[in-house]
Amino acid sequence: MLAFELDYPFFCANPTCELHVRFGAPGVRGRGNWAQMPDGRLLGRSLHGDEFLCDACGRQRSAGSREHAA
Ligand SMILES: [Zn+2]
């Protein structure tokens, strides 16, 4: 396993996301840069701050409410 994968063990860092799955889970494609939602949508992911988020969560994150779980 790559060190990179150890640093970011989940496809999406959002614990409430359907793509909060480990690499190697069903639906994660290629080298882990794509994952398929249960409804069939294929999403990429990108780095937001210090965590990876899927496209859907990343869009919400950058869309506004910078919620910080205090
Ligand atoms: Zn997500």
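Does Phe-52 count as buried or exposed, and how many C-beta neighbours lie inside 10 Å? Phe-52 counts as buried because 22 C-beta neighbours fall inside 10 Å. A residue is termed buried if 20 or more other C-beta atoms lie within 10 Å of its own, exposed if 12 or fewer do, and partly exposed in between, with C-beta atoms placed from the backbone. The structure is a predicted model, in which local features need pLDDT of at least 70 and side-chain atom pairs count only at pLDDT 80 or more, while totals for chains, interfaces and linings use all residues. Residues are numbered from 1 along each chain as its sequence is written.

The chain contains 2 helices and 4 strands, arranged along the sequence as α-β-β-β-β-α. Helices (H or I, at least four residues) and strands (E, at least two) are DSSP runs, numbered from the N terminus. Of the 70 residues in the chain, 20% are buried.

The 4 strands form an open sheet in the order E1-E2-E3-E4, and their pairing is antiparallel. Strand E1 (28-29) and strand E4 are at the edges with a single partner strand each, so one side of each has no neighbour in the sheet. Two strands are taken to pair if DSSP finds at least two bridges between them. Strand E3 (residues 42-48) and E4 run antiparallel and are joined by 4 bridges. Ser-46 has Leu-53 in E4 as its bridge partner. The hairpin of E3 and E4 has 2 residues between the strands, and Gly-49 in this hairpin takes a positive phi near 65°.

Phe-52 is located in strand E4. Apart from residues up to four places away in sequence, Phe-52 touches Tyr-8, Cys-12, Ala-13, Arg-45 and Leu-47; a contact requires C-beta atoms, placed from the backbone, within 7 Å. Phe-52 and Asn-14 are 38 residues apart along the chain, and their C-alpha atoms are separated by 8.6 Å. With neighbours within four places in sequence left aside, the contacts of Leu-53 include Cys-12, Ala-13, Asn-14 and Arg-45. Among contacts in the chain between residues at least 6 apart in sequence, 29% join residues at least 24 apart.

The largest nonpolar core has 11 residues, among them Phe-10, Phe-11, Leu-19, Phe-52 and Leu-53. Strand E4 (residues 51-54) supplies the largest share of this core, 3 residues. A nonpolar core is a set of buried Ala, Val, Leu, Ile, Met, Phe, Trp, Tyr and Cys residues joined through C-beta atoms within 7 Å. In soluble globular proteins, nonpolar side chains tend to be buried together.

Terms used:
Two residues are in contact if their C-beta atoms, placed from the backbone, lie within 7 Å.
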